[in-house]
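Hi everyone, thanks for coming along.

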Amino acid sequence: MILLSFDIEEFDMPLEYNGEIPLDEQLAVSRKGLQNILRILKENDIKATFFSTVVFAENNKDLVQQLLSEGHELASHTWFHSDFKEEHLATSKQELEKLFDTKVIGLRMPRMMAVSEDAVSNAGYFYNSSINPTYLPGRYNNFTVSRQPFWQKKSLQFPASVSTIFRIPLFWLSFHNFPLSVYKLLSKLSINSTGFLNIYFHPWEFADISNPKYKLPGFTFKNTAEAMESRFDDFIKWAKKNNYQFSTIREFLEDWTQKNKN
């Protein structure tokens, strides 16, 4: 089973590198990318999960309504992408549910930030997919965390997928920078080991983010825009050829919970 997810958010990454990008441009870049993602998913008839900030959702209601109407899952990426307060856990969930008349049960913290599991449970989330079980310098050290779903307080932790050896993260950066054949092999080995592949991307990867004013290092925008669309479509077709199934995280974890009651 392959679980595709997308963190739909303000494209504020240039600010981390002292680049220039106003909020309206951040939203426009991500909007363009999300349109490309929805098109590819529809063409391939597969479902995915979208973790949205409230800021992005309230400025792109039509696209969020579209993804819901096409059978995808909406989950929370908190309120803002670059500003977090613990109360945003509950308020972002409530606002997304109010805006789109849907039940929000999943959370992913921006930049996989650590968060109080008591607060996550108290906010009413069924699952939290905010752990990458690997070591990423300057971000997190989760090298000993389980690669399988596990309960923490009242919420189910659903770690992102990594390779079976050395725990190489199979996230967006490796998808862009590894040869696609290598990424496919690591994905296959991970699925064989855990039974699933939980990988995440962002809408701005499917847009042109090579503008010099963003001051992004080359590894962040390698194989983005049309190259990303092509690689992503290729990956989906490879997965289907290998008889892998696709699902929303909600459906997968609800099924996993039923099978692991005891």
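Let me start with a term: helices (H or I, at least four residues) and strands (E, at least two) are DSSP runs, numbered from the N terminus. With that in hand, take Glu229, which is found in helix H10, residues 226-241. We'll come back to Glu229 in a moment.

First, two words on where all this comes from. What you see is a predicted model, in which local features need pLDDT of at least 70 and side-chain atom pairs count only at pLDDT 80 or more, while totals for chains, interfaces and linings use all residues. Residues are numbered from 1 along each chain as its sequence is written, and side-chain values use heavy atoms, with hydrogens and water left out.

Now the overall picture. The protein has 11 helices and 10 strands. Its radius of gyration, taken over C-alpha atoms, is 17 Å, close to the 18 Å from the globule rule (2.2 Å times the number of residues to the power 0.38) for 262 residues, so the protein is as compact as a globular protein of that length. Along the principal axes, the C-alpha atoms fill a box of roughly 55 × 40 × 40 Å.

How much of the protein is buried? Of the 262 residues, 57% count as buried. Here buried means under 20% relative accessible area, exposed means over 50%, and partly exposed is in between, using a 1.4 Å probe and protein chains only. As for contacts, meaning heavy atoms within 4.5 Å, residues 24 or more positions apart account for 72% of those with a separation of 6 or more.

On to charges. Counting Lys and Arg as positive and Asp and Glu as negative, with His and the chain ends not counted, there are 29 positive and 31 negative side chains. If we place each charge at NZ of Lys, CZ of Arg, CG of Asp or CD of Glu, the centres of the two sets lie 6 Å apart.

Back to Glu229, then. Is Glu229 buried or exposed? Glu229 is buried, because its relative accessible area is 17%. Leaving aside neighbours within four places in sequence, Glu229 is in contact with Asn36, Arg39, Ile40 and Phe206. Phe206 is 23 residues away along the chain, and the C-alpha atoms of Glu229 and Phe206 are separated by 6.2 Å.

Next, please find Asn44, in helix H2, residues 23-44. Asn44 has a relative accessibility of 5%, so Asn44 counts as buried. Which residues does Asn44 touch, apart from its neighbours within four places in sequence? They are Asp233, Ile236, Lys237 and Lys240. With Asp233 there is also a side-chain to side-chain polar contact of 2.9 Å. A polar contact is a pair of N or O atoms within 3.5 Å; within protein, one must be able to donate a hydrogen and the other to accept it, and residues adjacent in sequence count only if both atoms are side-chain atoms.

You'll find Ser130 in the loop between strand E5 (127-128) and strand E6 (135-136). Ser130 counts as buried because its relative accessibility is 5%. The side chain of Ser130 makes a polar contact of 2.5 Å with the side chain of Asn128, and a polar atom of that Ser130 side chain lies 2.8 Å from the backbone nitrogen of Met109. Beyond neighbours within four places in sequence, the contacts of Ser130 include Leu107, Met112 and Met113.

Now for some backbone angles. Most residues other than glycine have a negative phi. Asp45, though not a glycine, has a positive phi of about 55°. Asp45 sits in the loop between H2 and strand E2 (49-52), and at 59% relative accessibility Asp45 counts as exposed. Phe166 also has a positive phi, near 70°. Look for Phe166 in the loop between strand E9 (155-157) and helix H7 (172-177); with a relative accessibility of 70%, Phe166 counts as exposed.

Last stop: Asn243, in the loop between H10 and helix H11 (249-259). Asn243 counts as exposed, at 62% relative accessibility.
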